[in-house]
Amino acid sequence: MTAIDSGIDTLAPVAGVSVTLTDGVLAVTIDRPDSLNSVTTGVLAGIADAMEAAARDPRVRAVRLGGAGRGFSSGAGIGAEDAADELPTEIIVEANRAIRAIVALPRPVVAVVQGPAAGVGVSLALACDLIVASDKAFFLLAFTKIGLMPDGGASALVAAAVGRTRAMRLALLAERLSAAEALEWGLVSAVYPAEEFDAEVDKLLGRLLAGPAVALAKTKHAVNAATLTELNAALDREYVGQSILLNNHDFREGARAFQERRSANFTDS
């Protein structure tokens, strides 16, 4: 079996995920614009499958991870109809697999954030090697507002990007961070005006395609090995902690409050 025989051509279609290969760029797009690209277990599994297949396919020289419509990803849907039969812990498992696959992929992965990135959507973006944002984008870790903790490796990925103090601020206070602030903090690689965004993304991908693939792969591995030493442990810790929180009263109250658009009444239980 050749690499191509086990590469992206073997991927089965996944509802909510678009995967296309054009001139060496694999575009993996969360295609659920009606929900601001909220993710389900199937969507996250589709992203993980695409990244794992890309690692085996020599035709892929760079990956573009984005979202359809006006947002990157609003994270795991709370109360979404198509998530009603899903176990939240299953979503975490597939999110962790997607994060690991992005980080391990020996090709540069570019997160294209044209609008909101929230919850595990932030984790997906930060797992990528370059994060480019439109000036209309923003980032939000709103987990504590519904009685949960950040997951998808956010406890390691955010801290690696912006440091402990700012990571705590984002995670504990659930503050919305604008694209300009994200650039100032070092959370993203570049910010472009919305009207120039697509063209600038294409330029960036062109530079990666023209680069030395082996050197880029070894550079990515070296930087990640030096800066994401706690990622796997963080994913495991988050799974354990989130599993406990998902069974608590505060999460149920937080989810109801979110759906009813009111402040949650947490009881620390």
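How do α2 and α3 lie to each other: roughly parallel or roughly perpendicular? The points below take up that question and then move along the chain.

1. **Basis of the model.** This is a predicted model, in which local features need pLDDT of at least 70, side-chain atom pairs count only at pLDDT 80 or more, and totals for chains, interfaces and linings use all residues. Residues are numbered from 1 along each chain as its sequence is written, and side-chain values use heavy atoms, with hydrogens and water left out.

2. Two packed helices are described by the angle between their axes and the distance between the axes. Helices (H or I, at least four residues) and strands (E, at least two) are DSSP runs, numbered from the N terminus. Axes are lines fitted to C-alpha atoms, for helices over the stretch in contact, and angles run from 0 to 180 degrees between N-to-C directions. The axes of α2 and α3 cross at roughly 15 degrees and come within 9 Å. The two helices are therefore roughly parallel. Angles under 35 degrees count as roughly parallel, over 145 as roughly antiparallel, 65 to 115 as roughly perpendicular and the rest as oblique. The crossing is right-handed. A crossing is right-handed if the near helix is turned clockwise from the far one by less than a right angle, and left-handed if anticlockwise.

3. **What α2 and α3 bring to the contact.** From α2 come Ala 95, Ala 98, Ile 99, Ile 102 and Val 103, and from α3 come Val 120, Ser 123, Leu 124 and Ala 127. Contact means heavy atoms within 4.5 Å. Eight of these residues are nonpolar, one is polar and none is charged. Ala, Val, Leu, Ile, Met, Phe, Trp, Tyr, Cys and Pro count as nonpolar, Asp, Glu, Lys and Arg as charged, and the others, Gly among them, as polar.

4. **Helices α3 and α4.** Helix α3 covers residues 120–127 and helix α4 covers residues 154–162. Their axes come within 9 Å and cross at roughly 55 degrees. This pair is therefore oblique. The crossing is left-handed. Ser 123, Leu 126 and Ala 127 in α3 meet Ala 154, Leu 157 and Val 158 in α4. Five of the residues in this contact are nonpolar, one is polar and none is charged.

5. **Burial in α3 and α4.** Helix α3 is mostly covered, with eight of its eight residues buried. Buried means under 20% relative accessible area, exposed over 50%, and partly exposed in between (1.4 Å probe, protein chains only). In α4, the buried residues are Ala 154, Ala 156, Leu 157, Val 158 and Val 162. They pack against α2, α3, α5 (164–173), α6 (179–185) and α9. Just after α4, Gly 163 takes a positive phi of about 95 degrees.

6. **Helices α2 and α9.** Helix α2 (residues 88–104) and helix α9 (residues 231–245) pack at about 170 degrees, with axes 10 Å apart. That angle makes α2 roughly antiparallel to α9. Among the residues in contact are Ile 92 and Arg 100 of α2, and Leu 235 and Asp 236 of α9. By class, the contact has seven nonpolar, five polar and two charged residues.

7. **The cores.** In soluble globular proteins, nonpolar side chains tend to be buried together. A nonpolar core is a set of buried Ala, Val, Leu, Ile, Met, Phe, Trp, Tyr and Cys residues joined through side-chain atoms within 4.5 Å. The largest nonpolar core here has 66 residues. Val 28, Met 51, Leu 65, Val 113, Leu 124, Phe 139 and Val 158 touch the most other members. A second, separate core of 11 residues includes Ala 62, Val 112, Ala 190 and Leu 205.

8. **Gly 75.** Gly 75 lies in the loop between β3 (62–67) and α2. Gly 75 counts as buried, at 0% relative accessibility. Leaving aside neighbours within four places in sequence, Gly 75 is in contact with Ser 38, Val 39, Ala 118, Val 120 and Gly 121.

9. Leu 36 has a phi near 55 degrees. Leu 36 sits in the loop between β2 (25–30) and α1 (41–55), and is partly exposed at 22%. Arg 261 has a positive phi of about 55 degrees. Arg 261 is in the segment after α10 (249–260) and counts as exposed, at 79% relative accessibility.
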